[in-house]
Amino acid sequence: MRSHIVVFGMGDIGSAIASLLRKNKHAVDAWDKSPGRVNNQKSLFEVIPRAEVIFLCVPSWCLPAVVRSIRPFVHKKTIIVGLSKGLQGDTRKTTYEFLSDSFQEHPILILGGAMLANELQMGLPGFGILAGKNTTAREKVAELFHGSLLKLTTSTDVIGVTLSGVLKNAYAIGLGIAEGLGWGDNSRAWFAFHAMYEMEAIVKLSGGKKESVYGVAGMIDLIATGFSTYSKNVEVGTMIAKGKKGIPQAEGVISLEPLAKILKSDLNKFPLLRAVYRVATNKEEPALAFKRLLK
């Protein structure tokens with residue numbers, strides 16, 4: 001059945017999602033705050049009220065402004081799908097928590113997993129997971145991508161899926177730091193292996209499920225992102241290790257401070273995450289912190 005969809009944010013992943021949906025014959029309105037990204041862009045007042053599903057394909061630090069701009073126009077039955085894999089710095093809320101608080105009467109879903117936009121745009125498959133408490137909403141959104149390059153599963157474990165995505169980005173920063181320090185593939189694989197143990201423990205500590213950590217939201221996404229030439233988080237981690245200036249924002253870095261505050265003294269139980277946090281926040285030299293990990 002043809003659905004009317006709005007994709008908000010036409011960066012790499014937003015463009016890939018919009019393209020997949022259009023190929024599946026759905027009516028898609030794209031919207032972006034940057035002039036020129038969308039040809040003949042309509043106003044929010046025109047597109048948002050008609051949307052059956054809205055995909056928010058923006059970084060976590062942009063979500064508050066985006067929500068303020070669309071909330072007055074969203075129909076009460078519209079499904080909201082968040083793709084951000086970061087934490088809100090001031091409140092430490094996950095994307096699911098933030099959207100649930102912002103749209104209390106709407107079905108909220110999180111779309112996570114190994115979905116490198118560059119590969120989807122090249123015609124290569126991606127593997128995602130839709131997490132949310134509303135069964136009808138999960139099934140409806142999953143059906144939108146039926147037969148497409150994006151292979152979807154569903155879950156009710158919103159904590160596990162959302163937090164796995166956040167942690168994956170944080171550890172991808174670590175893999176980038178390791179690469180910048182000249183670690184070989186053997187050592188970086190060792191880092192990824194131990195990162196999985198830390199991710200599992202943190203997710204379980206927060207009330208999420210182990211299965212989410214070892215599925216597409218966690219392990220598969222960490223492998224795809226942490227060893228990809230397209231990964232912004234790895235690129236940023238490499239820049240940090242080499243002491244470069246003008247480092248761009250990345251979900252992995254933005255989430256480190258909130259993660260440290262959530263974990264408090266428990267952060268010391270997770271040496272890899274602690275090392276990434278201390279290096280990325282200029283509390284310790286990269287070479288020293290990462291050499292200690294190998295010992």
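Predicted model: local features only at pLDDT ≥ 70, side-chain atom pairs only at ≥ 80, totals over all residues.
1. With β2 (residues 27-31), β1 pairs in the parallel sense over 5 bridges, and Val 7 has Ala 30 as its bridge partner in β2. With β3 (residues 53-56), the pairing of β1 is also parallel, over 4 bridges; here Val 6 has Ile 54 as its bridge partner. β1, helix α1 (residues 12-23) and β2 together make a right-handed β-α-β unit.

2. Is β1 covered or open to solvent? Of the 5 residues in this strand (residues 4-8), 5 are buried. In a regular strand, side chains alternate between the two faces of the sheet. In β1, His 4, Val 6 and Phe 8 point one way, while Ile 5 and Val 7 point the other way, and all are buried.

3. Now for the charged pairs, of which the structure holds 12 that count as salt bridges. Side chains of opposite charge can pair when their charged atoms come close. One example is Asp 29 with Arg 50, where the closest N and O atoms are 3.2 Å apart. Because Asp 29 sits in strand β2 and Arg 50 in the loop between α2 and β3, this pair ties together parts that are 21 residues apart in sequence. Asp 29 is buried, at 12% relative accessible area, whereas Arg 50 is partly exposed, at 46%.

4. Two further salt bridges are worth a look. Glu 284 pairs with Arg 292, and their closest N and O atoms are 2.5 Å apart. Glu 284 is buried, with a relative accessible area of 13%, and Arg 292 is partly exposed, with 45%. As for networks, salt bridges that share partners join Asp 29, Lys 42 and Arg 50 into one. The other pair is Lys 269 with Asp 266, with 3.0 Å between the closest N and O atoms. Here Lys 269 counts as exposed at 59% relative accessibility, while Asp 266 is partly exposed at 23%.

5. If you check backbone torsions, two residues deserve a glance. Most residues other than glycine have a negative phi. Asn 40 is not a glycine, yet has a positive phi of about 55°. Asn 40 lies in the loop between β2 and α2 (44-47) and counts as exposed, at 75% relative accessibility. Arg 92, not a glycine either, has a positive phi of about 65°. Its place is the loop between β4 (79-82) and α4 (95-102), and Arg 92 counts as partly exposed, at 34% relative accessibility.

6. Lastly, the surface. Which residues form a nonpolar patch there? They are Met 122, Leu 124 and Tyr 230, with about 290 Å² of accessible area together. Tyr 230 is in the loop between α10 (216-226) and α11 (232-241).

Definitions and conventions
Residues numbered from 1 in each chain as written. Heavy atoms only, no water. Patch = residues over 30% accessible without salt bridge, like charges linked within 9 Å, V, L, I, M, F, W, Y side chains within 5 Å. Areas by Shrake-Rupley, 256 points an atom, 1.4 Å probe, with all protein chains shown as cover. Salt bridge = Lys/Arg side-chain N within 4 Å of Asp/Glu carboxyl O. Helix = DSSP H or I, 4+ residues; strand = E, 2+ residues; numbered from the N terminus. Buried < 20%, exposed > 50% of the residue type's maximum accessible area, 1.4 Å probe, protein only. Pairing = 2+ DSSP bridges. Right-handed = clockwise from strand over helix to strand, strands pointing away.
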